[in-house]
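Please open the model in a viewer and keep the sequence panel at hand.

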Amino acid sequence: LEQQMAEEMASRQQARNQQITSEIGKYTALITRMIQNNLLTDQATMEGKSCKLTIKLAPSGFVISVQSGKGDRVVCDAARNAVNKAGKLPVSKDPEVFEKMRTISLTVVPEF
């Protein structure tokens, strides 16, 4: 019985982890879309380039900070401006999901 309960707990935890991963993917896609919508692009200087951003968020979705990592300076500047323009990004109300998204890293690739 003890082993059966342990297996059931492990199964539930695995299902919960899959749910959290799915939610993180959903919110990462929403955030990426919002950044793309606010991104001022110039095909001549940005085509084929990207920038990795690290964004720290408050539980409300308010952007605490945006840092650019590897990437093209022009794209990084535009991506940081796009995040700051949004000011607030979509976040999950689920505390476990948010905790894993408090600091989110994503790569911005301008779309033309």
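Which residues of α1 are buried? They are Arg16, Ile20, Tyr27, Ile31, Ile35, Gln36 and Asn38, where buried means under 20% relative accessible area, exposed over 50% and partly exposed in between, with a 1.4 Å probe and protein chains only. This is a predicted model, in which local features need pLDDT of at least 70, side-chain atom pairs count only at pLDDT 80 or more, and totals for chains, interfaces and linings use all residues. Residues are numbered from 1 along each chain as its sequence is written, and side-chain values use heavy atoms, with hydrogens and water left out.

**Stop 1: helix α1**

Select residues 2–38, which form helix α1. Helices (H or I, at least four residues) and strands (E, at least two) are DSSP runs, numbered from the N terminus.

**Stop 2: Ile31**

Within α1, select Ile31. Its relative accessible area is 0%, so Ile31 is buried. Setting aside neighbours within four places in sequence, Ile31 is in contact (heavy atoms within 4.5 Å) with Leu57, Leu89, Pro90, Met101, Ile104 and Leu106. Ile31 and Ile104 lie 73 residues apart in sequence, and their C-alpha atoms are 9.8 Å apart in space.

**Stop 3: the sheet**

Now display the three strands, which form an open sheet in the order β2-β1-β3 with antiparallel pairing; two strands pair if DSSP finds at least two bridges between them. The edges are β2 (63–71) and β3 (103–108), each with a single partner strand, so one side of each has no neighbour in the sheet. On average, neighbouring strands are turned by 20° against each other, direction ignored.

Strand β1 (residues 51–57) is joined to β3 by six bridges, and Cys51 has Val108 of β3 as its bridge partner.

Helix α1 lies across β1 and β3, at about 50° to β3. Axes are lines fitted to C-alpha atoms, for helices over the stretch in contact, and angles run from 0 to 180 degrees between N-to-C directions.

**Stop 4: where α1 meets α3**

How do the axes of α1 and α3 cross, and within what distance do they come? They come within 8 Å and cross at roughly 105°. The two helices are therefore roughly perpendicular, a term for angles of 65 to 115 degrees; under 35 counts as roughly parallel, over 145 as roughly antiparallel and the rest as oblique. Select Met34, Ile35 and Asn38 of α1 with Ala79, Ala82, Val83, Lys85 and Ala86 of α3 to show the contact.

End at Asn38, in helix α1. Asn38 counts as buried because its relative accessibility is 18%. Not counting residues up to four places away in sequence, Asn38 touches Ala82, Lys85 and Ala86.
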